[in-house]
Amino acid sequence: MAQNDSQDRVFIFDTTLRDGEQSPGATMTHNEKLEIASLLDEMGVDVIEAGFPIASEGDFNAVSEISKRSVNSTICGLARANFKDIDRAWEAVKHAKSPRIHTFIGTSPLHRAIPNLTMDEMAERIHQTVTHARNLCDNVQWSPMDATRTEHDYLCRVVEIAIKAGATTINIPDTVGYTYPMESAKIIRMLLERVPGADEIIFATHCHNDLGMATANSLAAVEAGARQIECTINGLGERAGNTALEEVVMALRVRNDILPFRTGIDTTKIMHLSRRVSTVSGFVVQPNKAIVGKNAFLHESGIHQDGVLKNVETFEIMRPEDIGLTAKNIVMGKHSGRAALRSKLKELGFDLADNQLNDVFVRFKALADRKKEVYDEDLVALVADEQTNDAYDTLVLKKLRVISGTDGPQEADMILTIDGVDHHIDATGDGPVDAAFNCVKQLWPHQARLQVYQVHAVTQGTDAQATVSVRLEEEGRIVTGTSADTDTIVASVKAYINGLNRLVVRRTKSAPGDDLKSVSYTDAP
Ligand code: KIV
Ligand code: ZN
């Protein structure tokens, strides 16, 4: 069963740029926010919460600019329950074709205690601030922060006040990720039953993921009558994050048989947005993250790979192309069979004769023994190696020793094979990685600029593999080099060398500046 026009519409409210960006370390630049907003708008997000205009000049400017550029989405600005915040939010969103003010106050006992307001005083404040917002803007959202820990009678009372004061959307935040699906549904049902006027407004659900239930809680709220889900790309957000947009949207699509609702999201844009948000926020998506994780559509075990090759529906409940992934991503590992290898190589453009395939298969098995997962690039290199006799890598790290510790400068001692000839050097640096990179630079002088250097632990624990990625730019050509090793410094140097090898290849294939043109979306729109 597919979503269709007769089904109830669930509005998608994206707060990546507000609640998501609030996450420590996830700060985005002005231009990055504009880019993400424009992608969200294009994807069909109904409401974009673009920021908290009173919070800073930067937030104000971003919300104003996003409002001016908005095409289809409603643009929303957050405001606390005071006139100054609300006026500032309105100043920022008023340029949008469809503006919204979102004002909130913490209504649970713990939150009421902070401004030290009695229940009656808070009720009065809600009446005044929502009325004020509604006098400025037709579209007002009100949130009782920490709603799921607010006494039910009081919650019903304040929601009624907000509706009477003119709120058009009532958002029910599970601010600390405390609720669970049955309770989330029960609260929405209770409000719909008990609050006069509840049937004339939209109820929204805003869940945090502290107990890992944000998606389930949001969907349960929808089943109970909520018609707006608040969420972020990749589940970005404080602590354990917010409800992930991609999860609720794809759940509504895949399980439309039991969740007969439709959204306006073009799901094929999900993957691109996920990658952009990950890059600009610096928050890496965990490999096993639902929908957008690197492994979400990968099948490693022989049985799974065989099944997927025969009928993709055996192990996939959605198609990679539904979220904008074009290539089939069967990851190759030591359990992969010949059929999977042949299919993968075909996908990569190699149609090998049986005897060639046999040779490659033997080498692939040897590689898979050393490496848990064999990626496309590994296979491309392996086949190229097989066909052209070691034409791939100009630079190979043969040996590395570093001296690190509290007393600098740190030292590195390296043997680097360049075009088959070993070269030995030592160098110092500001830390062992810097010292090792200096060795490479001295042996292989180049103009490439290191734009990004990222290290991620694949697993927990001090013996974890580090995956390192570097982005190098040389005369407008941009390449990414990657590597993984249990030794972070070795992984770093191998990634650096991998990038340099790719630059060697690119020099012969592209004109300077080509990559800058193709990645111009990273520049200011
Ligand atoms: O989690 C929360 O309560 C919020 C409110 C500001 C809506 O983000
Ligand atoms: Zn929140």
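**View 1. An open sheet of three strands in a predicted model.** In this predicted model, three strands form an open sheet in the order β11-β12-β13, with antiparallel pairing; helices (H or I, at least four residues) and strands (E, at least two) are DSSP runs numbered from the N terminus, and two strands pair if DSSP finds at least two bridges between them. The edge strands are β11 (395–403) and β13 (421–429), each of which pairs on one side only. Direction ignored, neighbouring strands of this sheet are turned by 20° against each other on average, where axes are lines fitted to C-alpha atoms, for helices over the stretch in contact, and angles run from 0 to 180 degrees between N-to-C directions. Strand β12 (residues 410–418) and β13 run antiparallel and are joined by nine bridges, and M414 has I425 in β13 as its bridge partner. Helix α16 (residues 432–443) packs on the sheet, where it touches β11, β12 and β13, and its direction makes about 135° with that of β13; contact here means heavy atoms within 4.5 Å. Strands of a sheet pair through backbone hydrogen bonds, either parallel or antiparallel.

**View 2. The closed barrel.** Eight strands with parallel pairing make a closed barrel that runs β2-β3-β4-β5-β6-β7-β8-β9, and the twist from one strand to the next averages 25°. Strand β2 (residues 11–14) pairs with strand β9 (residues 228–231) in the parallel sense over four bridges, and the bridge partner of I12 in β9 is I229. Helix α10 (residues 245–254) lies across β2 and β9 and runs at about 145° to β9. In the loop between β9 and α10 lies N234, whose phi is near 65°, a positive value in a residue other than glycine.

**View 3. The surroundings of ligand 1.** The residues around ligand 1 are R18, D19, H102, F104, S143, M145, N171, P173, T175, H206 and H208, a residue being counted as near if one of its heavy atoms lies within 4 Å of the molecule. A polar side-chain atom of R18 lies 2.9 Å from an oxygen atom of ligand 1, while for D19 the distance from a polar side-chain atom to an oxygen atom of the ligand is 3.1 Å. In the side chain of H206, an N or O atom is 3.1 Å from an oxygen atom of ligand 1. Of the 260 Å² of accessible area that ligand 1 has on its own, the protein covers 95%, with areas taken from the Shrake-Rupley method with a 1.4 Å probe.

**View 4. Two aromatic rings in one helix.** Both F361 and F364 lie in helix α14 (residues 354–370), three residues apart, which is about one turn of the helix. F361 and F364 form a tilted aromatic pair, 6.1 Å centre to centre with 35° between the planes; rings of Phe, Tyr and Trp (its six-membered ring) pair if their centres lie within 6.5 Å, and planes under 30 degrees apart count as stacked, over 60 as edge-to-face and the rest as tilted.

**Notes on the views.** Residues are numbered from 1 along each chain as its sequence is written, while chains are lettered from A and ligands numbered from 1 in the order in which they are written. In this predicted model local features need pLDDT of at least 70, side-chain atom pairs count only at pLDDT 80 or more, and totals for chains, interfaces and linings use all residues, while side-chain values use heavy atoms, with hydrogens and water left out.

Technical notes
A polar contact is a pair of N or O atoms within 3.5 Å; within protein, one must be able to donate a hydrogen and the other to accept it, and residues adjacent in sequence count only if both atoms are side-chain atoms.
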